[in-house]
Amino acid sequence: MNIHNNNFTSLLIFFFFFLFSSSTTAFPNFFPNISSIPPSFLPNHTTNPWDTFNKLSGCRSGQKVDGIAKLKTYFHYFGYLANTTGNFSDDFDDALEAAVKNYQKNFNLNTTGELDTSTVNQILKPRCGVPDIVNGTTTMNSGKTTSFQHSVAHYSFFPGTPRWPSRRRDLTYAFDPRNELSEDVKRVFANAFSRWSEWTPLTFTNISDYSSADMKIGFYSGDHGDDEPFDGVLGTLAHAFAPPTGLLHLDNAETWIINDVFTSGSSSSTAMDLESVAVHEIGHLLGLGHSSVENAIMYPTIASGVKKVELDRDDVEGIQVLYGTNPENNGTVGPSFGEREMSGVARGSIGLVWGVILAVGLTIFVY
Ligand SMILES: [Zn+2]
Ligand SMILES: [Zn+2]
């Protein structure tokens, strides 16, 4: 009888453990597109954890305003502010002003050191949880000599430039089985990986053995065991760790869109494009840090309702510093960029030709 009771207790403990662990991992919210999100789902998903920063608009050095301490926590989290005292005050001090200036440099804003509207709007945007400044160093704009900002590369690496070793070019990835992801969701990640393999000698293969995969992908809620808790809807969306750690975590609380097409006006939604975030986080898995180039995949923020999955020249140049070029891509730096730029020139030429024809036609008409 005792044995049965013990077994029953063990079963109960296991059951509650299973309940608890599955509640932090399973069943992220996926929708094929914006219009498929049920209206009843949306009212619960409108709170941005950083909305309170709105009231700090206009704050500057020397002021003491309720909420500044929380803003300091934000800047500390993303690497802009050291925490020497253990807790932050609501004083807008010199250290915060310096943090705001570095933030403004990294996001190509006017370096005022004040919380002007454009700075606050940038701070509110959903973003990657990986810090912009790691261990006090960065090669984003704030780590560069300003006079060269517009002539040098903007991509960055983690301190020590970690990368997958040269004998490892065929890498594997797996999904946390507790998430029970559909084939449609897995295909989004396959597409995201292919954006990087197109330009490098790296290949990526999805395997089912989660424990042995080089890169492990999972959706989690709140605190999930790596001291980088997720914060609910918007705020931080995902984070990933540099080689050879290979962990890619996404926030379960987001409303993830897995198929195309964002319609106009959808930007007010809280829906996030999964592939856009996946391509960015894979960049971290491969060793890239954040970039100050707004078009780059490795730019830290992305608006809701935006699909951004094409690598920018800045991303390609950065990843090729780490791994070289794709030998199947003629070994050159960015042939497709050449084609894209060529087709852009071709379109421009066609526009010019039409312009000339129109001008000639108008001239004939006038006379
Ligand atoms: Zn990132
Ligand atoms: Zn994590």
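Phe-175 stands opposite Ile-217, a residue of strand 4, and strand 2 and strand 4 pair in the parallel sense over three bridges, where two strands count as paired if DSSP finds at least two bridges between them. The model is predicted, so that local features need pLDDT of at least 70 and side-chain atom pairs count only at pLDDT 80 or more, while totals for chains, interfaces and linings use all residues. Residues are numbered from 1 along each chain as its sequence is written, and chains are lettered from A and ligands numbered from 1 in the order in which they are written.

The secondary structure of the protein comes to eight helices and eight strands; helices (H or I, at least four residues) and strands (E, at least two) are DSSP runs, numbered from the N terminus. Of the 367 residues in the protein, 32% are buried, a residue being buried if 20 or more other C-beta atoms lie within 10 Å of its own, exposed if 12 or fewer, and partly exposed in between, with C-beta atoms placed from the backbone.

Five strands form an open sheet with the order 3-2-4-6-5 and mixed pairing. Strand 3 (203-206) and strand 5 stand at the edges, each with a single partner strand, so one side of each is left without a neighbour in the sheet. On average, and with direction ignored, neighbouring strands of this sheet are turned by 20 degrees against each other; axes are lines fitted to C-alpha atoms, for helices over the stretch in contact, and angles run from 0 to 180 degrees between N-to-C directions.

In a regular strand the side chains alternate between the two faces of the sheet. Strand 2 has a covered face made of Leu-171, Tyr-173 and Phe-175, and an uncovered one with Asp-170, Thr-172 and Ala-174. Strand 2 also pairs with strand 3 in the parallel sense, over four bridges, and here Thr-172 stands opposite Thr-205 of strand 3. From strand 2 the chain crosses through helix 5 to strand 3, and this β-α-β crossover is right-handed, meaning that, with the strands pointing away from the viewer, the path from the first strand over the helix to the second runs clockwise. Strand 4 and strand 6 run parallel and are joined by five bridges.

## Helices on the sheet

Helix 5 (residues 183-197) lies across strand 2 (170-175), strand 3 and strand 4, and runs at about 165 degrees to strand 3. Helix 6 packs on the sheet as well, touching strand 4, strand 5 and strand 6, and its direction makes about 25 degrees with that of strand 5.

In helix 7 (residues 313-323), Asp-314, Asp-315, Val-316, Gly-318 and Ile-319 are buried, and the buried residues of helix 7 pack against helix 5 and helix 6. Helix 7 is followed by Gly-324, whose phi is positive, near 80 degrees.

Leaving aside its neighbours within four places in sequence, Ala-278 is in contact with Val-188, Phe-189 and Ala-192, a contact being two residues whose C-beta atoms, placed from the backbone, lie within 7 Å.

## Annotated positions

The UniProt annotation "binding site", from an unreviewed entry, covers Asp-231, Gly-232, Asp-251 and Glu-254; UniProt positions are given in the numbering used here, feature names are shortened, and annotations may be inferred rather than shown by experiment. Although these residues are spread over 24 residues of sequence, they cluster in space, with a largest C-alpha distance of 9.8 Å. Asp-231 lies in the loop between strand 4 (215-220) and strand 5 (238-240), and counts as partly exposed because it has 16 C-beta neighbours inside 10 Å. Asp-251, found in strand 6 (residues 247-251), counts as buried because it has 27 C-beta neighbours inside 10 Å, and Asp-251 is the bridge partner of Tyr-220.

The annotation "active site", again from an unreviewed UniProt entry, covers Glu-281, which lies in helix 6. Glu-281 is buried, with 27 other C-beta atoms within 10 Å, and, not counting residues up to four places away in sequence, Glu-281 touches Ala-238, Ala-240 and Leu-248.
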